[in-house]
Amino acid sequence: MNQPPYGTPPPPPVPPTGYGQPVPPAAPPGYGPSVPPAAPPGYGQPVPPAAPTGFGPPPPSYAPHPVPAAPEFLAVDRRNSVVVDETGVTFECNGVTAEFPWPEIRSVHHQPSPNGKSLMVAVIHADGMLYECVVDAKRRERVYEWLNQLVLVIGHYRYYRPGG
């Protein structure tokens, strides 16, 4: 089998001139530096060639996407409040505050009161103790709004444990 050799082929031979010196091959058009044509006498300096256009200016830098805020829940009445956030659950009942970090919570329960005008939230601590807070609402619709929000926030933190 006659296969072509690997690599680039050698340059073609240069025909000699009448003086015994070979003539170098001319570069094909479009290669090498471009030389601007000489200006006719009396017309001033030659105009330099135009700069290549390229792909244009770089795209604008974009701000990073904002980090979504961690969901929070807040229910408040005149005496009591329930807060659920990334740190855990906090009750304030008649001026006494109890904070329960997520690693110390076994479960969180919630339901409307029997008359439907209050939200009842209970935390079962890791040691088995039960803590409860009741927040009064002026309207029954408000209690169900709180319940819908609370389900989403507790679900977020019970299945997604930040930092642990």
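pLDDT is the predictor's confidence in each residue, from 0 to 100.

**Entry 1: confidence.** I am working from a predicted model. I looked up the overall score before anything else. The mean pLDDT of the protein is 80. I noted that 59% of its residues reach 70 or more. Where pLDDT is low, the predicted coordinates should not be read in detail. I then went through the helices and strands. Confidence is highest in strand β7, residues 130–136, at a mean of 97. Helix α1, residues 140–159, is lowest, at 92.

Entry 2: I traced the pairing of β3, residues 88–93. Strand β2, residues 80–85, runs antiparallel to β3, and six bridges join them. I picked S81 and looked for its bridge partner in β3; I found E92. Two residues lie between β2 and β3 in their hairpin.

β3 also pairs with β4, residues 96–101. This pairing is antiparallel too, over six bridges. Here I checked G88, whose bridge partner in β4 is P101. The hairpin of β3 and β4 has two residues between the strands.

**Entry 3: D85.** D85 sits in strand β2. Is D85 buried or exposed? Its relative accessible area is 17%, so D85 counts as buried, the cut-off being under 20%. I listed its contacts, leaving out neighbours within four places in sequence. D85 is in contact with P71, E72, W102 and Y157.

**Entry 4: the nonpolar core.** I looked up the largest nonpolar core and found 23 residues in it. Those with the most contacts inside it are F73, V82, V84, V89, F91, V108 and L119. Which elements supply at least two residues each? I found β1 (73–76), β2, β3, β5 (105–112), β6 (118–125), β7 and α1. Helix α1 gives the largest share, seven residues.

**Entry 5: L147.** I moved on to helix α1, where L147 is found. L147 has 11% relative accessibility and therefore counts as buried. Setting aside neighbours within four places in sequence, I found L147 in contact with H110, Q111, P112 and L119. I also checked L147 against F73. The two are 74 residues apart in sequence. Their C-alpha atoms are 9.9 Å apart in space.

Key
Residues are numbered from 1 along each chain as its sequence is written. This is a predicted model: local features need pLDDT of at least 70, side-chain atom pairs count only at pLDDT 80 or more; totals for chains, interfaces and linings use all residues. Side-chain values use heavy atoms; hydrogens and water are left out. Helices (H or I, at least four residues) and strands (E, at least two) are DSSP runs, numbered from the N terminus. Two strands pair if DSSP finds at least two bridges between them. Buried means under 20% relative accessible area, exposed over 50%, partly exposed in between (1.4 Å probe, protein chains only). Contact means heavy atoms within 4.5 Å. A nonpolar core is a set of buried Ala, Val, Leu, Ile, Met, Phe, Trp, Tyr and Cys residues joined through side-chain atoms within 4.5 Å.
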